[in-house]
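The following exercises concern one protein model. Each task is followed by a solution in steps.

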Amino acid sequence: MLDVEFLPPAAKFIKKLVEKPLKRALYKAIIEIRTDPSIGEPKTGNLLGISCYDVIYKGTNYEIAYRLEKVEDGSLIVVILAGTRENFYDQLKRYMK
């Protein structure tokens, strides 16, 4: 299983969650990503190199944006952003600039 690093926007979103089942669902998704990084949908264009993974909780679609980085002792999953699907890609594009 690969190591994970959370960038500030993702860490802030997850920390602010009050619903424990949602938080567990997101952490479960991150474990799935750690096990198989190719599980997410690779993006193109401005977001080339980033993959996104969907988590559906109580009818709401949540996204986790991440990238796989090579480090000297292997690979690392960097979770860039997490949040609801609404305006998610606009926020992600702004953050990546």
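**Exercise 1.** Across which strands does helix H3 lie, and at about what angle does H3 run to S5?

*Solution.* The model is predicted, so local features need pLDDT of at least 70 and side-chain atom pairs count only at pLDDT 80 or more, while totals for chains, interfaces and linings use all residues. Residues are numbered from 1 along each chain as its sequence is written, and side-chain values use heavy atoms, with hydrogens and water left out. Helices (H or I, at least four residues) and strands (E, at least two) are DSSP runs, numbered from the N terminus. Helix H3, residues 88–96, lies across S3, S4 and S5. H3 runs at about 130° to S5; axes are lines fitted to C-alpha atoms, for helices over the stretch in contact, and angles run from 0 to 180 degrees between N-to-C directions.

**Exercise 2.** Determine the strand order of the sheet and identify its edges.

*Solution.* Two strands pair if DSSP finds at least two bridges between them. Five strands form an open, mixed sheet in the order S1-S5-S4-S3-S2. S1 and S2 (41–42) each have a single partner strand and stand at the edges, so one side of each lacks a neighbour in the sheet. Between S4 and S5 the pairing is antiparallel, over 10 bridges. Arg67 has Val78 in S5 as its bridge partner.

**Exercise 3.** Which residues of H2 are buried, and why do they line one face of the helix?

*Solution.* Buried means under 20% relative accessible area and exposed over 50%, with partly exposed in between (1.4 Å probe, protein chains only). The buried residues of H2 are Leu22, Leu26, Ala29, Ile30 and Ile33. Seen down the axis of H2, they fall within an arc of 100° (taken from the directions from the helix axis to the C-beta atoms), so they line one face. The face turned away carries the exposed residues Lys20, Arg24, Lys28 and Thr35. The buried residues pack against S1, H1, S3, S4 and S5, where contact means heavy atoms within 4.5 Å.
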